[in-house]
Amino acid sequence: MSKPVTLKANLMAGFLRAKDENADLPVNTFRQANIKTNLVELSAGLEYNFLDYYNQRRRTRWTPYYFISFAAARFNNKAELQGREKPAESATVLSIPTGIGFKYALSYNWNLGLEVGARKTLAQNGDRLDYLQTKDYAGLSARQLPHTDPYNNDWYFYNGLSLSYTFYKLLCPPAAYK
């Protein structure tokens with residue numbers, strides 16, 4: 001697009017783990033959930049590079065950057081609520097990832113990066129506890145379940161290392177110069 005603004009496509013794999021016993025909040029103490037999730041996320045969006053790190057002759061070969069994207073994440077989730085195990089589920093969640101990072105140009109095309117990002121899901125069911133209707137709550141709707149906040153969508157966070165490849169636009173001379 002331009003030197004500072006680039007298009008970004010991303011494929012990420014990771015896992016989420018959460019135990020309510022590790023949180024010192026009354027809701028978590030009551031809920032007693034244990035969640036294990038594996039996920040694969042595919043995203044596309046924009047990245048803004050604050051410094052011109054592409055030029056290999058310059059001393060500055062790194063840049064901080066900001067990104068915002070649109071993503072689809074496929075997850076496989078195992079949840080346990082108050083000692084009752086729920087069957088494993090798979091689903092797809094749409095989200096809006098945003099975050100910051102630093103990247104270093106290893107060569108003309110290859111970059112090494114460190115990134116921290118938050119993902120705001122567009123649905124409430126990322127952890128699938130919304131629909132964990134045990135025999136005690138079988139007649140209740142998702143909004144009536146006592147284990148979740150029906151007014152908040154889920155968030156998940158990512159931090160890690162990345163290895164990326166940059167595709168540069170090749171500018172060809174006009175036909176008159178050939």
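Two strands count as paired if DSSP finds at least two bridges between them, where strands (E, at least two residues) and helices (H or I, at least four) are DSSP runs numbered from the N terminus. The model is predicted, so local features need pLDDT of at least 70 and side-chain atom pairs count only at pLDDT 80 or more, while totals for chains, interfaces and linings use all residues. Residues are numbered from 1 along each chain as its sequence is written, and side-chain values use heavy atoms, with hydrogens and water left out.

**Exercise 1.** Describe how β4 is paired with β3 and with β5.

*Solution.* Begin with β3 (residues 62-81), which pairs with β4 in the antiparallel sense over 17 bridges; within this pairing, Ala73 stands opposite Val93 of β4. The two strands form a hairpin with 2 residues between them, and Gln82 in the turn has a positive phi of about 50°. Next, β4 pairs with β5, again in the antiparallel sense, over 11 bridges, with Gly117 in β5 as the bridge partner of Gly99. A hairpin of 4 residues joins β4 to β5.

**Exercise 2.** Determine where Asn109 lies and whether Asn109 is buried or exposed, then list its surroundings.

*Solution.* First, Asn109 is placed in the loop between β4 (84-105) and β5 (110-121). Second, its relative accessible area is 18%, and buried means under 20%, exposed over 50% and partly exposed in between (1.4 Å probe, protein chains only); Asn109 is therefore buried. Third, leaving aside neighbours within four places in sequence, Asn109 is in contact (heavy atoms within 4.5 Å) with Ser164, Tyr165, Thr166 and Tyr168. Finally, the side chain of Asn109 reaches the backbone oxygen of Thr166 at 2.7 Å.

Definitions and conventions
Polar contact = N/O pair within 3.5 Å; in protein donor to acceptor, adjacent residues only side chain to side chain.
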